[in-house]
Structures are given as C-alpha cells and as structure tokens.
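Work through the exercises below with the sequence and coordinates open. Each task is followed by a stepwise solution.

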Amino acid sequence: MSGEKMNYITKSYEETFSVGEKFSAMLSPGAIVALDGDLGAGKTAFTAGVVKGLGGTDIVTSPTFTIVNEYRKSKLPVFHFDIYRLESMDDLYDIGWDDYVNQKGIIIMEWADIIKHELDYPYYEVIIKKRFDIGEDAREITIDYRSEN
C-alpha cells in the first residue's frame with residue numbers, strides 16, 4: 001500500500017468500526033498504527049473494529065487513564081496506547097515500548113501526532129476527522145502507509 005492513501009466517509013459508530021475491522025486484514029505482526037483525530041472523532045471505535053477484525057473478543061476502551069490497554073483475545077495481541085499525556089519517545093521507552101514492539105503484536109497509538117515524527121519504524125497513519133458538513137456522526141478516515149519519516 002506504500003504511497004497509496006485510502007479515504008472513507010462514515011456516518012455512524014458502526015461504519016467507523018467496520019472500516020477498522022476491514023483495515024485489520026492489512027496488518028501483519030509488528031504493525032504500528034499512528035491514529036489521530038479530535039476528541040470524540042472515533043479513534044476508539046476504529047480500534048475496536050481492528051480488534052474484532054483480528055478475531056478479538058475483548059471489550060475495547062480508551063486507554064486515557066492507563067496509557068496502554070492490552071487486548072490478547074485475538075490472533076495477534078493488540079497494544080492500544082494513548083500518547084496524549086506523553087511528551088516524547090523517551091516516555092514510551094520508560095513504559096516498556098521495546099517490550100511491546102518485540103511481542104510482534106499490533107500497536108495502535110491514539111494521539112500519535114505527538115511522537116510519530118520520532119518513530120524509526122514504518123507505520124500506518126490513520127487520521128479521523130469529524131465532518132459535520134455531512135452529518136452529526138459523519139467522519140472522514142484517511143489511511144496512509146508511511147515507510148519513512
């Protein structure tokens with residue numbers, strides 16, 4: 001998918017979830033997903049779809065207060081980070097970033113714009129924007145594979 005952006009318009013939680021579920025088929029062990037969007041844009045809904053698409057049965061919640069949630073009831077573990085309160089990659093290393101990377105699961109980082117410029121790995125960039133011009137629950141989801149920073 002390198003260099004090829006994918007764009008979706010969703011009009012409900014269920015449609016945003018579905019895009020995440022379909023996107024999960026593109027992910028291989030060790031994939032990193034840098035997820036950005038305004039508060040309430042649907043980042044956790046998208047992540048819940050990814051977990052479900054990987055066969056997961058975990059209940060997905062925002063990792064706001066825990067920094068990272070682990071979902072292991074799927075064919076690949078999913079590590080769901082909230083980067084909002086972190087300031088740099090050093091903060092991620094302090095909470096065991098290398099250990100998560102070495103497990104070859106799927107890493108999904110909400111609020112990734114804070115540190116994605118510091119990533120040494122290729123990653124998927126997923127941006128979710130509210131589209132009130134289309135409808136109250138409408139979202140525009142852009143997915144791009146970034147192989148270099």
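Helices (H or I, at least four residues) and strands (E, at least two) are DSSP runs, numbered from the N terminus. This is a predicted model, in which local features need pLDDT of at least 70 and side-chain atom pairs count only at pLDDT 80 or more, while totals for chains, interfaces and linings use all residues. Residues are numbered from 1 along each chain as its sequence is written, and side-chain values use heavy atoms, with hydrogens and water left out.

**Exercise 1. Confidence**

State the mean pLDDT of the protein chain and find the elements with the lowest and highest mean values.

Solution. pLDDT is the predictor's confidence in each residue, from 0 to 100. The chain has a mean of 89, with 97% of its residues at 70 or more.

**Exercise 2. Asp137**

Locate Asp137 and classify its accessibility.

Solution. Step one: Asp137 sits in the loop between strand E6 (123-130) and strand E7 (139-146). Step two: apply the classes, where buried means under 20% relative accessible area, exposed over 50%, and partly exposed in between (1.4 Å probe, protein chains only). Asp137 has 44% and is therefore partly exposed.

**Exercise 3. Salt bridges**

Give the number of salt bridges and examine the pairs Lys116 with Asp36, Arg146 with Glu125, and Arg131 with Glu140.

Solution. A salt bridge is a side-chain nitrogen of Lys or Arg within 4 Å of a carboxyl oxygen of Asp or Glu. The structure contains six.

- In the pair Lys116 and Asp36, the closest N and O atoms are 3.0 Å apart. Lys116 lies in the loop between E5 and E6 and Asp36 in strand E2 (residues 32-37), so this bridge ties together parts 80 residues apart in sequence. Both residues are buried.
- Arg146 and Glu125 meet at 2.8 Å, N to O. Arg146 belongs to strand E7 and Glu125 to strand E6, so the linked parts are 21 residues apart in sequence. Arg146 is partly exposed at 28%, whereas Glu125, at 10%, counts as buried.
- Arg131 and Glu140 meet at 3.0 Å, N to O. Arg131 is partly exposed at 22%, and Glu140 is partly exposed at 23%.

**Exercise 4. Backbone**

Find where Trp111 lies, and state its phi and its accessibility.

Solution. Trp111 is in the loop between E5 and E6. Its phi is near 60°, a positive value in a residue other than glycine. With a relative accessible area of 18%, Trp111 is buried.
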